[in-house]
Amino acid sequence: MIKGGTTMNFFNRYATFNKLENTVFGVLEKYQKDTHPDKINATIGSLCDEENKLVSFESIYKTFRNLANTDYTKYPQGIIGNQDYRQLCFEHCFENLVHLKHQEVATNGGTGALHLAFHSYLNEGDSLLVPEICWDSYHVMAKQRQVKIVEYPVFDLECFQQKAQSIIETEGKLVVLINDPAHNPTGYSLGQEKWEQIISFLNQFTETPIIIIHDIAYIDYCQDRNFFTSFNKAKEHILFHVAVSMSKGFTMYGQRIGLAAVFNQSQGLVDKCLILFEKLLRASVSCCNNAAMKTIATTLANHKQDYQQELTSYRKLIRQRANLFLELIQNRFAIYPYFDGFFITLKVNDNQQRDEVFNQLIDNHVYTVKVNKGLRIAICSLSLKQIPMLVDKVALAVKNA
Ligand code: PLP
């Protein structure tokens, strides 16, 4: 007898069918149905101007529009990306601060660079140390790779060290994910001193391969990237895999372009990474978007000043929004330490209470995103004039929850 389609097993043993949860789209739907004139949408994680309109940097899109038709049509130079893009993007990110041996490949966004990391360093059942409050895609990627998530508190270096040591002792290898600076969703930045402490702690385990997957998606919205110099102190057993996103810093979310850069004391090791990445890319997405690479390379080579001016003005605007938000809180509610970047996160340790605050806010026409132990507020897309009302409504919701 032929079995019905739903009972036959068409899929491999890794396939699961619980739907991908999207923490933003459900809230957005509610926002769109809300007819209140003062409703506030604090869910949008993209840069918006003071009219809440998505920002597209003119310096980028002028270059993009001026490309030749063939730039949109043709394949890139190779699977690993165009040479000029790889070099210019690398220089833009690391500013000559890291003197270790390195290799880099173009990827489909920061996500593509993270995908390479999840597929290169981890076996099924391995532990991956990730921040306990984090971008939810890490969990999706870990599930797909059958990797065990071990969480560390973002702000507690001692606890981070204990968890790292325990994985090292039990598994003989450590893969850790650090999202810094301007951590999503809190806006926390470790800074040079803490980076030095992390490297100095990990340096003692000289017999253990350690991989630091470093997600720098929001780095262009931070003033200071000198913390990269701490990488130079890492011993040979530490490999850095830096996931670079061009989505935020170049307002190119939809163009899907990024970079995976690896650093180590040994040229042999980073060369091995390059060979592996090329094959992984070939076997998954093949190459990246040629027009996007060309746009970024041309902008960085010929219009860097215009680009820097635009970026700086928006970085200042986000800083103004954040300062206003922080100033107006006046001890009425708690947030996680904010330094830089797109988001501020309301601190609610108990997730049940967080849900109550979330619902109270919706009743007051304010839409946020639930994260573990908090609510994410996207200051990147809110105008200065919305912030006082938003802060008052958050204070009221916290008081009533
Ligand atoms: N890492 C973090 C923390 C993010 O928030 C995002 C995007 O939202 C990414 C990485 C990946 O960005 P993309 O793949 O769009 O470059």
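**Close look**

Modeller: Gln162 is exposed, its relative accessible area being 51%; exposed stands for over 50%, buried for under 20% and partly exposed for values in between, with a 1.4 Å probe and protein chains only. The model is predicted, so local features need pLDDT of at least 70 and side-chain atom pairs count only at pLDDT 80 or more, while totals for chains, interfaces and linings use all residues. Residues are numbered from 1 along each chain as its sequence is written, and side-chain values use heavy atoms, with hydrogens and water left out.

Gln162 sits in helix 7 (residues 157-171). Helices (H or I, at least four residues) and strands (E, at least two) are DSSP runs numbered from the N terminus. From Gln162 to Tyr152 the C-alpha distance is 9.2 Å, with the two ten residues apart in sequence.

Thr208, by contrast, is buried at 9% relative accessible area. Thr208 belongs to the loop between helix 8 (191-203) and strand 6 (210-215). Beyond its neighbours within four places in sequence, Thr208 is in contact with Ile168, Gly172, Lys173, Leu174 and His237, where contact means heavy atoms within 4.5 Å.

Next comes the ligand. There are 14 residues around it, and Gly110, Thr111, Asp215, Ser245 and Lys248 come nearest; a residue is taken as near if one of its heavy atoms lies within 4 Å of the molecule. Oxygen atoms of the ligand lie 2.7 Å from a backbone N or O atom of Gly110, 2.8 Å from a side-chain N or O atom of Asn184 and 2.6 Å from a polar side-chain atom of Lys248. On its own the ligand has 400 Å² of accessible area, of which the protein covers 91%. Such areas come from the Shrake-Rupley method with a 1.4 Å probe; for residues, only the protein chains shown count as cover.

The salt bridges number eleven, each being a side-chain nitrogen of Lys or Arg within 4 Å of a carboxyl oxygen of Asp or Glu. One of them pairs Arg332 with Asp392 at 3.0 Å, N to O. Because Arg332 is in the loop between helix 11 (304-329) and strand 9 (343-347) and Asp392 is in helix 13 (residues 387-400), this pair ties together parts 60 residues apart in sequence. Arg332 is partly exposed at 35% relative accessibility, and so is Asp392 at 41%.

Asp355, partly exposed at 24%, forms a salt bridge with Arg354 in which the closest N and O atoms are 2.9 Å apart. Arg354 is buried at 10%. Asp355 also bridges to Lys370, at 3.4 Å between the closest N and O atoms. Lys370 is partly exposed at 31%. Elsewhere, a network of salt bridges links Glu95, Asp220 and Arg225.

Last, the cysteines. A disulfide is a covalent bond between the sulfur atoms of two cysteines; here a pair of cysteine sulfur atoms must be within 2.5 Å to count. Cys48 is in none, the nearest cysteine sulfur being that of Cys380, 6.7 Å away. Cys48 is buried at 5% relative accessibility. For Cys93, the closest cysteine sulfur belongs to Cys89 at 4.6 Å, too far for a bond. Cys93 is buried as well, at 2%.

Definitions and conventions: Polar contact = N/O pair within 3.5 Å; in protein donor to acceptor, adjacent residues only side chain to side chain.
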